[in-house]
Amino acid sequence: MKKKTIITTLLALVWVTGQGQEIKRVTATPEDFMEHMAMYGYEVFTYDISSLRDSASGFTIVIREFDHQKMIDEKKLYGFRTKTMIQRARPEEYL
């Protein structure tokens, strides 16, 4: 009888402890992302390309992977036109 009472009391304490905790969702900000990347040694850069909106330019993104100061891989992504990209992201009335 004593063992059953102790087990019941312990289960009740675990249940009460679990009921007191609440996890709430929060919105992540760009600063949260940048801090997380910095913790793992990455640098995050942003660029203002709004000056290119009146011209049809293109650019190439190059991703280079390094291992202890030596480049081990390079990938090039082609086909980005700034005029098209900016117009899709922000219509002219918002610029």
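1. The patch consists of Phe 59, Ile 61, Ile 63 and Leu 77, with about 310 Å² of accessible area together. Patches are built from residues with over 30% relative accessible area and no salt bridge; nonpolar side chains (Val, Leu, Ile, Met, Phe, Trp, Tyr) are joined within 5 Å, like charges within 9 Å. Areas come from the Shrake-Rupley method with a 1.4 Å probe, and for residues only the protein chains shown count as cover. Ile 63 is found in strand β1 and is partly exposed, at 45% relative accessibility. Here buried means under 20% relative accessible area, exposed over 50%, and partly exposed in between (1.4 Å probe, protein chains only).

2. The model is predicted: local features need pLDDT of at least 70, side-chain atom pairs count only at pLDDT 80 or more, and totals for chains, interfaces and linings use all residues. Residues are numbered from 1 along each chain as its sequence is written, and side-chain values use heavy atoms, with hydrogens and water left out.

3. On confidence, the protein chain has a mean pLDDT of 76, and 72% of its residues reach 70 or more. pLDDT is the predictor's confidence in each residue, from 0 to 100.

4. The protein chain has three helices and two strands, in the order α-α-β-β-α from the N terminus. These elements are DSSP runs numbered from the N terminus: helices are H or I with at least four residues, strands E with at least two.

5. Of the 95 residues of the protein chain, 2% count as buried. The accessible surface of the chain comes to about 9,600 Å², and 57% of that belongs to carbon and sulfur atoms. Among contacts with a separation of 6 or more, 28% are between residues 24 or more positions apart; a contact means heavy atoms within 4.5 Å.

6. The structure holds one salt bridge, a term that requires a side-chain nitrogen of Lys or Arg within 4 Å of a carboxyl oxygen of Asp or Glu. The side chains of Glu 74 and Arg 64 form the bridge, at 2.7 Å from N to O. The pair links distant parts of the chain: Arg 64 belongs to strand β1 and Glu 74 to strand β2 (residues 70–81), 10 residues apart. Glu 74 is partly exposed, with a relative accessible area of 33%.

7. Most residues other than glycine have a negative phi. His 68 is exposed, with a relative accessible area of 73%, and Gln 69 is exposed at 79%.

8. Phe 45 sits in the loop between α2 and β1. Phe 45 is exposed, with a relative accessible area of 54%. The C-alpha atoms of Phe 45 and Met 34 are separated by 9.3 Å, and the two residues are 11 apart along the chain.
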